[in-house]
Amino acid sequence: MKILLRASLLAVSAAMMAGCHGGESTSPVAVQTMQARVVESQQLQVPLNVRSTGTVHARETAIVSAQVMGRIQQVLVRAGDSVRAGQTLVVLDDAALRASADQAQDAVKAAQSEQAAAQTDAKLAASTLERYKQLQAEKSVSPQEMDEVARRAEASSARLEAARAQTGAAQAQESGARTMRGYTRLLAPFSGIVTARMADPGTMASPGVPLLQVDQAGALQLEASMDESTIGAIHKGMKAQVAIDGGNSKSLAGTVAEIVPAADPASHSFLIKIDLPSSSQLRAGMYGTAEFANGTRQAILIPRSAVVMRGSLASAYVLDGQGIAQLRTLTLGATQGNLVEVLSGISSGEKLVDAPSDRDLAGKRIEVQP
């Protein structure tokens, strides 16, 4: 009896459930369709570049410092001034050196007077010796008198040679004093621009202490560091594409002018110098990046217009087999013109929504827009 009652209840429940579901019709959820342009990721050969960073410098830079000690009287230029070769930049107090030069000049005059007197005596002694030789031939003088005249002539000649040597030494001393006095005027070594001024009037200048820095006018160089693992791919005369921070967006064509043969023992990097073309936008001290072509490699590229930025994350709307868009996070690499390399997140041949702007297309079916 209990078994029969349980079976009846189950039958009633089944009938009620069937009645409830019998009034409903099942239908799939509708997916919104939107039109958009569609592009495809491609696997292409891209250049394999070696990259190096550095700073822009003048091809020649001079540190102007004093060669003698003295108090600075004048500094005639400031940072940013253009100078020409030989222009006076700094003037030192030359009172002590001027006095030395005057003293040396007086010594030259005294030596020249002594030389003139010695020369007169030497001429008189020489002429006297000639007369005594004639008298000796006539046997009119004694041998003793002849010896005395000959010794006086020799002594006069030796005195003249000593006076000439003294005059030469005095002239050399005067020349040195004038040279030392000339060191009190510091001149520009070449035409260029003053890039640093480290001293003002009243300062005591000492030999070797920098006072000014002058960069040579003309084209500049990028001095960059290259890791020892990639220096083998670089050679003198090699072309490089250089991008300067703060400059125009157009890259510059540079040429490797010098490779320092010894590596820095601390960083194990080599210094390379790249000649840059003349440009009014380049300034010494700017930061730049140089790229050197070193073969090719395979890479997956997509148009930059297909990339969607969500905060700091790069993404793209990728279509599945049914044309449904899904937002997928990407890892991007270097740009190649209007294309960008995808390091991860997309395979070759996948379809993406191009230029999605701010539309939320996730989960929507994309109809290809002509």
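Predicted model: local features only at pLDDT ≥ 70, side-chain atom pairs only at ≥ 80, totals over all residues.
User: What makes Pro47 and Glu341 lining residues of the largest pocket?

Analyst: A lining residue has an atom within 4 Å of a pocket point. Pro47 and Glu341 are among the residues that line the largest pocket. Others include Arg51, Arg297, Thr335 and Gly337. The pocket's volume is about 350 Å³.

User: Which strands supply that lining, and which gives the most?

Analyst: Strand E2 (42-58), strand E15 (287-303) and strand E18 (325-336) each supply at least two residues. E2 gives the most, with four.

User: How do you know how many residues of that lining are charged?

Analyst: Asp, Glu, Lys and Arg count as charged. The lining includes Arg51, Glu291, Arg297, Arg304 and Glu341. By class, that lining has five charged, four polar and three nonpolar residues.

User: What is in the second largest pocket, and which residues are closest to its centre?

Analyst: The second largest pocket holds about 270 Å³ of space. Of its 15 lining residues, Ile193, Leu220, Leu282, Arg283 and Ala284 are the closest to its centre. Strand E8 (192-197) and strand E10 (210-216) each give two or more residues to this lining. By class, the lining has eight nonpolar, five polar and two charged residues.

User: Why is the set with Val242, Ile274 and Phe292 called a nonpolar core?

Analyst: It is called that because its members are buried residues of kinds such as Val, Ile and Phe, joined through side-chain atoms within 4.5 Å. The largest such core has 23 residues, and Val242, Ile274 and Phe292 touch the most other members. Its largest share, four residues, comes from E11.

User: What is Val242 in contact with, leaving aside its neighbours within four places in sequence?

Analyst: The contacts of Val242 include Leu222, Leu252, Ile274 and Ala290. Contact here means heavy atoms within 4.5 Å.

User: Which residues does the second, separate core include?

Analyst: That core has 20 residues, including Val83, Leu89, Leu186 and Val194.

User: How do you know that the span of helix H3 agrees with its number of residues?

Analyst: H3 covers residues 143-182, which is 40 residues. At 1.5 Å a residue, H3 should span 58 Å. Its end C-alpha atoms are 59 Å apart, so the two agree.

Conventions
Residues numbered from 1 in each chain as written. Heavy atoms only, no water. 1 Å grid on protein atoms, 1.4 Å probe; cavity = no way out; pocket = protein on both sides within 12 Å on 5 of 7 lines; lining within 4 Å. Points joined across faces, edges and corners; volume = space filled by probe spheres on them. Buried < 20%, exposed > 50% of the residue type's maximum accessible area, 1.4 Å probe, protein only. Expected span 1.5 Å × (residues − 1).
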